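Try each task yourself before reading the solution.

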Amino acid sequence: MLISENTLKWAMRFYPPLFFQRIWVQKFDKDFTGVHVKIFRSFININYNRSIFGGTIFSASDPFYALLFDQILKRKGIKCRVWLKSADIKYLKPGKTNLYFKISLTEDEINEAETTLKTVGKFVKAYPVEIYNKDGVLCATVNNEVYIRNLFKGEEHTIAY
């Protein structure tokens, strides 16, 4: 489904898995080339050590590369299925304040995916996410492996697409 940057921002803000973990989409960049995300530290998502629960940090990075690629490729007329194939995280510092991250896709990264989809039929690549606290200190790094494949003719659409 094609939607505007602003509509998806508001939909993601109130999407229950993100909303209840206090994960807030600040904005999507024009043409879905990037996203800015804030993780609020609150009594809902702090752990025993009073830092943001690691699962909240990990889940905050989960949907965004797939969403960006899905919207970009659909706007180019490419029918594809996109999801996060795997991910790993390294916690470097406790999240004692709100946390922030920005994801950006370059034109070269988009062209690489598009070319590979047209020639091979599927594209798999890992992309990094660096999560910072309010003072700009790196608190966690996530490596998200995105899987994209062309939809085969005659494939049934699921409810999610």
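Two exercises follow, each with its solution.

This is a predicted model, where local features need pLDDT of at least 70, side-chain atom pairs count only at pLDDT 80 or more, and totals for chains, interfaces and linings use all residues. Residues are numbered from 1 along each chain as its sequence is written, and side-chain values use heavy atoms, leaving out hydrogens and water.

**Exercise 1.** Find where Gln-21 sits and what it touches.

*Solution.* Step one: look in the loop between helix 2 (16–19) and strand 1 (23–28); helices (H or I, at least four residues) and strands (E, at least two) are DSSP runs numbered from the N terminus. Step two: Gln-21 has 23% relative accessibility, so it counts as partly exposed (buried is under 20% relative accessible area, exposed over 50%, partly exposed in between, with a 1.4 Å probe and protein chains only). Step three: leaving aside residues up to four places away in sequence, Gln-21 touches Asn-45, Gly-55, Thr-56 and Ser-59, with contact meaning heavy atoms within 4.5 Å.

**Exercise 2.** Work out the strand order of the sheet and which strands stand at its edges.

*Solution.* Step one: trace the six strands of this open, antiparallel sheet, and you get 1-2-4-5-6-3; two strands pair if DSSP finds at least two bridges between them. Step two: strand 1 and strand 3 (80–91) each have a single partner strand, so one side of each lacks a neighbour in the sheet. Step three: check the pairing of strand 1 with strand 2 (residues 34–39), where five bridges join the antiparallel pair. Lys-27 stands opposite His-36 in strand 2.
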